[in-house]
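Here is a short note for a colleague who is opening this entry for the first time. Please keep the structure in view while reading the points.

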Amino acid sequence: FLPSVKDKSLENLIIVPNPADNLCTIQIPGAGKKRIVIYDGTGKLLSHIEVTGGNRQSISTENWIPGVY
């Protein structure tokens with residue numbers, strides 16, 4: 001995963017493991033509702049998730065083609 005962060009409060013975004021095999025966990029610092037949007041290398045939308053800041057969100061990568069997202 002290559003994080004693209006527009007919100008400066010998200011500079012401490014944690015993605016583990018990276019690279020991921022079947023599942024990754026994203027932890028978003030700070031308070032408030034946040035949106036996780038994941039695209040593949042061609043710009044195709046793979047996942048769009050709303051989470052509350054400070055929480056962890058697990059995302060299955062099992063069906064994704066190996067690559068950079």
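**Notes on the chain**

1. Of the 69 residues in the chain, 25% count as buried. The model is a predicted one. The chain exposes about 5000 Å², and carbon and sulfur atoms supply 50% of that area.

2. The chain has five strands and zero helices. Read from the N terminus, the elements run β-β-β-β-β. Among the contacts with a separation of 6 or more, 40% come from residues 24 or more positions apart.

3. Start with the open sheet. Three strands make it up, in the order E1-E2-E5, and the pairing is antiparallel. E1 and E5 stand at the edges; each has a single partner strand, so one side of each is left without a neighbour in the sheet. On average, neighbouring strands of this sheet are turned by 20 degrees against each other, direction ignored.

4. Look next at one pair within that sheet. E1 and E2 are joined in the antiparallel sense over three bridges. Which residue of E2 does isoleucine 14 stand opposite? The residue is glutamine 27.

5. The loop between strand E1 (14-16) and strand E2 (23-27) holds proline 17. Proline 19 has its place in the loop between E1 and E2 as well. Check both peptide bonds here. The bond from valine 16 to proline 17 is cis, with omega near -20 degrees. The bond from asparagine 18 to proline 19 is cis, with omega near 15 degrees.

6. Now turn to the other pair. Strand E3 (residues 33-39) and strand E4 (residues 45-52) pair in the antiparallel sense, over seven bridges. Within this pair, valine 37 stands opposite histidine 48 in E4. The hairpin of E3 and E4 has five residues between the strands. In that hairpin, glycine 43 takes a positive phi, near 95 degrees.

7. Is serine 47 buried or exposed? Serine 47 lies in strand E4. Its relative accessible area is 15%, and the cut-off for buried is under 20%, so serine 47 counts as buried. Leaving aside neighbours within four places in sequence, serine 47 is in contact with Ile36, Val37, Ile38 and Trp64.

8. Tyrosine 39 has its place in strand E3. Its relative accessible area is 43%. Buried means under 20% and exposed means over 50%, so tyrosine 39 is partly exposed. Tyr39 also belongs to a nonpolar patch on the surface, together with Val37 and Leu45. The accessible area of the three together is about 260 Å².

9. Finish with the segment after strand E5 (56-60), where asparagine 63 is found. Asparagine 63 has a relative accessible area of 71%; the cut-off for exposed is over 50%, so this residue is exposed. How far apart in space are asparagine 63 and aspartate 21, C-alpha to C-alpha? They are 9.9 Å apart, while 42 residues separate them in sequence.

Methods:
Residues numbered from 1 in each chain as written. Predicted model: local features only at pLDDT ≥ 70, side-chain atom pairs only at ≥ 80, totals over all residues. Heavy atoms only, no water. Pairing = 2+ DSSP bridges. Helix = DSSP H or I, 4+ residues; strand = E, 2+ residues; numbered from the N terminus. Buried < 20%, exposed > 50% of the residue type's maximum accessible area, 1.4 Å probe, protein only. Contact = heavy atoms within 4.5 Å. Areas by Shrake-Rupley, 256 points an atom, 1.4 Å probe, with all protein chains shown as cover. Patch = residues over 30% accessible without salt bridge, like charges linked within 9 Å, V, L, I, M, F, W, Y side chains within 5 Å. Salt bridge = Lys/Arg side-chain N within 4 Å of Asp/Glu carboxyl O. Axes fitted to C-alpha atoms, helices over the stretch in contact; angles between N-to-C directions.
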